[in-house]
Amino acid sequence: FLAAVRAHAALAIWPTGEQALANCLRVVDLARRFERGGAPSFRAFVDRLEDEAERGEAEDAPVVEEGTEGVRIMTAHRAKGLEFPVVVLCDPTCNASRETPSRHVDPDRSLWAEPIAGCAPRELIEARDVELARDRAEAVRLTYVAATRARDLLVLPGVADGELEDVWLSPLHPVMYPPQQGSGEGEPGPGCPPFEGFAVGDRPPSARPGNRAPVRAGALTPREGRHRVVWWSPKALTLDVQERVGLRQQGILEADEGGSVAAEGERLHEDWRVSREAMLASGAAPTCDVVPVTALSEERAEAGKPEDVRIEVVSETRVGRPSGKRFGSLVHGMLAEVDLRADADEVARVATLQGRLLDASDDEVQAARDAAIQALGHPILVRAAAAEAVRRETPLWIRAEDGRLVEGIVDLAFRDAGGWTVVDFKTDVELGARRDAYVHQVRLYAEAIANATGEPAEPMLLVV
């Protein structure tokens, strides 16, 4: 699919095309590995990617090999054990620790305490000072790890107006800031452009500097250590540059001498566009209109097309018993599952099981059991039990006169010496106005079976 839509070329000309394309190819490779390991579904692969992302295990695909010039972005934790010629530390305003501890662990008591839904356990509150001190110590160790990853040059972000308190780079402030800010130091740094003034950018008129003067731009000696620190002037940088996305595409087109490749690409794109529009137009035109058998039955009943079928009533004492869709589904489910030769105990067992599936009441289960026992004793179901072929809850399709495809599920169909008999169970207390629709429905079932088997099929309603 990626090759068919030329996705690789489209990704490559993005502003960050190399990384986007590398990530795309990496996902494809992960999908192939997942498939070779016995992938249950595409959804399972997507769930795995989401889980890895939440656990922090998902990484961007490396665009360059180790040792090649390039920029790698990683957390301080992932940088442990690695070394680079130049390291740039980021986020100078990030706090060194939380204002409140995130957890308290006491191995001796096998205790783990952490806040949930904004509520903290007593043990965590009592150990607050200890845990905060531990977090601050861990922050110092993390800063040490990050700073010692640099082999030749370490770039530290800092605020020239003054030192920020309780940030993760605070342990490095003594080796960054001069003894007195605003002093006469600020010599030209090696390999740097000449700086003038302080190492701050333009301030709005409403901004107020700190009590001390800002750090001067240029090379200076910090409070601790014998090394030199170069404070860069933001005025020497071109900041807030808007990326011109079209330059990549323009460069690619300019490299095409004579425009032959671009012209061929435009032709292929136009062919693809025309083909795509034709495909969408074809897909938008319905080739098959599917309707449920109940809808067509109601249409025919409203059209006043009377039909007669055989109607058998199992019991005349249906008044006062439970009714409704759930009760009807319960009776249908029992007659679909129970053995047609089952005794009363087996019917009761099936009634209990179906009642649990539908969350039916005890009264509904009792009434459905009695109705099923009476139905199994009816001559029609006795014939079905002895028939050579029996189908229950079987899907059926038939093409209507207007071309629509009608689908439904027949309750019972059996074949004996007299041919096929198609039975539709009804649990209505009174058929009433629904009678004509029910008649059309079972006749459609019989017509579908007759068309499919080439044998006659007699429709009938069995009121249970």
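How many helices and strands are there in the chain? The model is predicted, and its chain holds 13 helices and twelve strands. Of the 464 residues in the chain, 31% are buried. The accessible surface comes to about 29,900 Å². Carbon and sulfur atoms account for 53% of that surface. Contacts reach across the sequence: among those between residues at least 6 apart, 66% join residues at least 24 apart.

Two residues show the local detail. Start with Asp 411. This residue sits in strand β10, which spans residues 405-416. Asp 411 is buried, yet it has no salt bridge. Which side chain of opposite charge is nearest to Asp 411? That side chain belongs to Lys 426, 5.8 Å away. Asp 411 does have a polar partner: its side chain makes a polar contact of 3.3 Å with the side chain of His 332. Beyond four places in sequence, Asp 411 also touches Arg 391, Arg 392 and Glu 393, as well as Val 423, Asp 424 and Phe 425.

Now turn to His 173. This residue lies in a loop, between β4 (150-155) and β5 (218-220). Is His 173 buried or exposed? His 173 counts as buried because its relative accessibility is 7%, and the cut-off for buried is under 20%. Setting aside residues up to four places away in sequence, His 173 is in contact with Glu 163, Leu 164, Val 167 and Arg 223.

Conventions: Residues numbered from 1 in each chain as written. Predicted model: local features only at pLDDT ≥ 70, side-chain atom pairs only at ≥ 80, totals over all residues. Heavy atoms only, no water. Helix = DSSP H or I, 4+ residues; strand = E, 2+ residues; numbered from the N terminus. Buried < 20%, exposed > 50% of the residue type's maximum accessible area, 1.4 Å probe, protein only. Lys, Arg positive; Asp, Glu negative; His and termini not counted. Salt bridge = Lys/Arg side-chain N within 4 Å of Asp/Glu carboxyl O. Polar contact = N/O pair within 3.5 Å; in protein donor to acceptor, adjacent residues only side chain to side chain. Contact = heavy atoms within 4.5 Å. Areas by Shrake-Rupley, 256 points an atom, 1.4 Å probe, with all protein chains shown as cover.
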